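Good morning, everyone, and thank you for making the time. Please have a look at the model on the screen, and I will then take you through it piece by piece.

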Amino acid sequence: MKKNLGPVNALYPTPIVLVGTVVDGKINYINIAHIGIIDMNTMSISMGKIHHSNKGIKENKTLSINLPSDDMVVEADYVGLVSGAMVDKSQVFESFFGELKNAPMIKNAPVSMECEVIDILNMPNHDVFLVKAKNTYCNEEVLTDGRIDLAKVKPMFFDMHQRKYWKLGEAFAKCWSIGRSYTK
Ligand SMILES: Cc1cc2nc3c(=O)[nH]c(=O)nc-3n(C[C@H](O)[C@H](O)[C@H](O)COP(=O)(O)O)c2cc1C
């Protein structure tokens, strides 16, 4: 027997990202789970309007998206617990910059994208930033044959239902391939 839970969003888990901004001249990082993929280099980031980060993004039209590895969980959770309006989060991570101004990236994160904001969806309680990646920087150790290897990145995932972080499991099948073994 199925139980109807009402309009529960059952899409979790989503990858955790750390969005880097400059707000009033100061570097700030925020933990974000509500992200989406629109096409190969266009993404959406849904951020509550109350957050300090939004101000910097609206002013600068740039931000960074950093994928922390699972051993960065304490710092990642911390920047999702406290606001840059109250606490200086600029030193939680060592930062570096690429081509774009005001898109600080995290040195220790295995993968970082510097992004330009191309549009903002004005929802009642959220700004949904539509962004395009300009450059993606990777630690060489997380590449296999020049491509990002998630087994080496060790990203972490957010589970809203149980309020937990999950680690990545094992790859178990090849996409656009395993389906060929289908028989009715
Ligand atoms: C695991 C986790 C996921 C989060 N995901 C989101 C999210 O997708 N969107 C959002 O607006 N806030 C999200 N938050 C909340 C913000 O990270 C948090 O309120 C942060 O302190 C705001 O920082 P700021 O005021 O410096 O911008 C999340 C927090 C945690 C711990």
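Predicted model: local features only at pLDDT ≥ 70, side-chain atom pairs only at ≥ 80, totals over all residues.

Let me begin with a pair of strands, E13 and E14, which run antiparallel and are joined by 4 bridges; strands, marked E and at least two residues long, and helices, H or I and at least four residues long, are DSSP runs numbered from the N terminus. Within this pair, Met156 stands opposite Lys167 of E14. Residues are numbered from 1 along each chain as its sequence is written.

E13 and E14 belong to an open sheet of 3 strands in the order E1-E13-E14, with antiparallel pairing, where two strands pair if DSSP finds at least two bridges between them. E1 and E14 stand at the edges of this sheet and have a single partner strand each, so one side of each is left without a neighbour in the sheet.

Around this sheet there are some backbone details to point out. In the segment before strand E1 (14-15) we find Pro13, which is joined to Tyr12 by a cis peptide bond with omega at about 10 degrees. In the loop between E13 and strand E14 (164-167) lies Arg163, whose phi is near 55 degrees, a positive value in a residue other than glycine. Arg163 counts as exposed because it has 7 other C-beta atoms within 10 Å; the rule here is that a residue is buried with 20 or more other C-beta atoms within 10 Å of its own, exposed with 12 or fewer, and partly exposed in between, the C-beta atoms being placed from the backbone. Trp176, in the segment after E14, also has a positive phi, of about 55 degrees, although it is not a glycine, and with 6 C-beta neighbours inside 10 Å it counts as exposed. For background, most residues other than glycine have a negative phi, and most peptide bonds are trans.

Let me step back to the whole protein, which has 3 helices and 14 strands. Its C-alpha trace spans about 60 × 45 × 30 Å along the principal axes, and 28% of its 184 residues count as buried. Among contacts between residues at least 6 apart in sequence, 62% join residues at least 24 apart, where a contact means that two C-beta atoms, placed from the backbone, lie within 7 Å.

Which residues have the most contacts inside the largest nonpolar core? They are Val17, Leu18, Val19 and Tyr29, in a core of 30 residues; such a core is a set of buried Ala, Val, Leu, Ile, Met, Phe, Trp, Tyr and Cys residues joined through C-beta atoms within 7 Å. Among the elements that give two or more residues to this core are strand E2 (17-23), strand E3 (26-32) and strand E13 (156-159).

E2 runs antiparallel to E3, with 7 bridges between them, and Val23 stands opposite Lys26 in E3. In the hairpin of these two strands, with 2 residues between them, Asp24 takes a positive phi near 50 degrees. E2 is also joined to E6 by 3 bridges, again antiparallel, and there Leu18 has Asn66 as its bridge partner. Beyond its neighbours within four places in sequence, Leu18 is in contact with residues including Tyr29, Ala76 and Ile106.

On strand E3 sits Asn28, which counts as buried with 26 C-beta neighbours inside 10 Å. Leaving aside neighbours within four places in sequence, its contacts include Thr21, Ser53 and Gly84.

That leaves the ligand. Of the 20 residues around it, His34, Ser53, Gly80, Ser83 and Gly84 come nearest, a residue being near if its C-beta atom, placed from the backbone, lies within 6 Å. E3 gives the largest share of this shell, 4 residues.
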